Amino acid sequence: MCGIAGYIGKNQASDFLLDALKRLEYRGYDSAGMAVLSEDNALNCIKSVGRINSLEEKIKKTQLNGCLGISHTRWATHGYPTKNNAHPHSDCAGDIFVVHNGIIENYKILKERLIKSGHKFKSDTDTEVIAHLIESHFKDNLEQALLSALKHIEGAYALAVISKNDPGKIVVAKKSSPLVICIGENENFIASDSSAVVGYTNKVIYLNDNELGIITENSHKIISIARNNEIHRNHCNVDLDISEIQKNGHEYFMLKEIFESPEVMKNSTRGRIIPEEGLVKLGGLEVLDQNKLRNINRIILIACGTASFAAMVGEYMLEEYAGIPVEVELGSEFRYRKPIINSKTAVIAVSQSGETADTLASLEEARRKGALTLGIVNVVGSTISRETEAGIYNHVGPEIAVASTKAFISQMTVLALLTVYFGRIKEMSLIMGKRITEEIDKMPCLIEKVLKNDKQIKGLAKKYSKYKNFLFLGRKYNYPIAEEGALKLKEVAYYVHAEGYSSGEMKHGPIAMINENFPSVFIVPNDSVYEKNWSNMEEIKARNGKIIAIATEGDENIKNIADDVIYIPKTLEMLTPILSAVPLHLFSAYMGMELGCDIDKPRNLAKSVTVE
Ligand code: F6R
């Protein structure tokens, strides 16, 4: 949560800083701000409540000139989203400015101490203590002052600091929140992630925890906070294309990303399936001792939110076809439990961003207990991808809409690949391996077919937009999809209440809510639990509930019970969730648009949840 950026070079800093904030806006969007050091060494700061464009309007009127600056887009943790609480925050004199992503856990004690020694605070944020702490340690060198200040700070931070009393540099520090230093020609940048610098440079250095960086126009230096010595690290080249972070004709990123689902399947499976041999090749796992992999007898999938629903689908796949016991754990729960883990347990983190704090902390806990730690991650170079022993990238490009859609499709796809991978190491037959890989190969075309229902789904969103409550129901492989459908609707059509339930559990409670004003969305493909779902639909109908069914093409009978039907093509039961998720993603997006919601940036949310 929160995005930070910094620029030092020959150009106007505000141009990059604004551009970067627009790209990082998915990380938080309740207020924003920028501080720039002018040529005559004046530090000017502008802040604004709301989206980046309101900051942009203010900057246009003010002319924030200067070639060195920092900026921030906020997702409030401490203090309301007001102008005073917006970053950058400064010391008493306004000589030092700080932007921060993370949480300072001991800020209350520090603030009391600083107030007692005469510091004047202007905000309710935890971040402001950093500016005052630096002020209290500052002699003539900003990095030394920051190093001293950090000794008092507990918590998570990605920080960027500038000072008019030590100009010509940006000093940054990282612990548990992401930060990159990006190298240009006679200019350098810092940002929360590399999407901010696409089009400016592709040379990126990922900072590790407990490192401090100093960037000037022509140099960069990394220092270990603990040892105070220099660390030499080469940059990586990130090959992001500018078109990947643009809407390319779509009204919203969310729609663009849903329509990318067929491409997503191709990218996540490219070079990884060998249908003729019924095999899956996962280069990312080749670095591991293959005997260790063969001996894995239990898998724990750790994830949060939408990623946890993909993990649930993965649990069913892996248990049914690879014969390995699997548990799905929410990161926020796992990290505080006493899980039973040994060296034959593989703990796999599933995370689009690779930065989710709860997932990351759980992974660290698992590693301490001796598990093999793996990742299924989309963002290349993200913390989870670096902290795990090995992993599989989703390769779906940047997901910019806050609500995850294409990454969800890819997470299920990669878990299907992993099922064949583990299955074939263990007892899966060649025939079964071929059957699954051939079907995975066909999926992009099948998703294309689902997307052709776009207009019908838009029409249904219009028809049902007057309803305030929805129940999403599914069984077995499609139970997690019911949860996903409900989560997505709540998120992006945020005036609507929705619940996801297993169809079989519905009669144990939720059925009490059903009447003619409470429609149910049933995911009911022609699978092994079709008849069971049918009985549950009868129970809904008997209570005058309306039904929208996601059913298999050719199922004409479904029209006798459902008020509306969206068809998906036939596929293997284990792969049906990949198809059934797509119309539900579209339905949520169109419902949100119908209700006038900003579906890319839902109320109160941020994409990358880097705080507990
Ligand atoms: C929902 C959504 C969230 C994320 C969750 C985990 O649409 O996007 O529920 O799935 O915050 O994020 P990652 O996958 O980045 O760990």
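Author: Let's start with a term: a residue is buried when its relative accessible area is under 20%, and exposed when that value is over 50%. Keep in mind that this is a predicted model.

Reader: Thanks! Which residues of helix α2 are buried?

Author: Helix α2 spans residues 52-62, and its buried residues are I52, L55, E56 and I59. They lie on the same side of α2 because they cover an arc of only 100° around the axis.

Reader: And what does the face turned away from the buried side carry?

Author: There you will find the exposed residues K60 and K61.

Reader: What covers the buried residues of α2?

Author: The cover includes one helix, α1 (13-24), along with the strands β2 (31-37), β3 (43-49) and β4 (68-74).

Reader: Which residue follows α2?

Author: That is Q63, and its phi is positive, near 60°.

Reader: Now for the ligand. How many residues surround the ligand, and which are the closest?

Author: The ligand is surrounded by 14 residues, with S351, Q352, S353, T356 and E491 the closest. By type, this shell divides into 5 nonpolar, 7 polar and 2 charged residues.

Reader: How much of the ligand does the protein bury?

Author: Taken alone, the ligand exposes 410 Å², and the protein buries 90% of that. Two elements, α9 (305-322) and α16 (479-492), each give two or more residues to the shell.

Note on methods: Residues numbered from 1 in each chain as written. Predicted model: local features only at pLDDT ≥ 70, side-chain atom pairs only at ≥ 80, totals over all residues. Heavy atoms only, no water. Buried < 20%, exposed > 50% of the residue type's maximum accessible area, 1.4 Å probe, protein only. Helix = DSSP H or I, 4+ residues; strand = E, 2+ residues; numbered from the N terminus. Arc of directions from axis to C-beta. Contact = heavy atoms within 4.5 Å. Near = heavy atom within 4 Å. Areas by Shrake-Rupley, 256 points an atom, 1.4 Å probe, with all protein chains shown as cover. Nonpolar A, V, L, I, M, F, W, Y, C, P; charged D, E, K, R; others polar.
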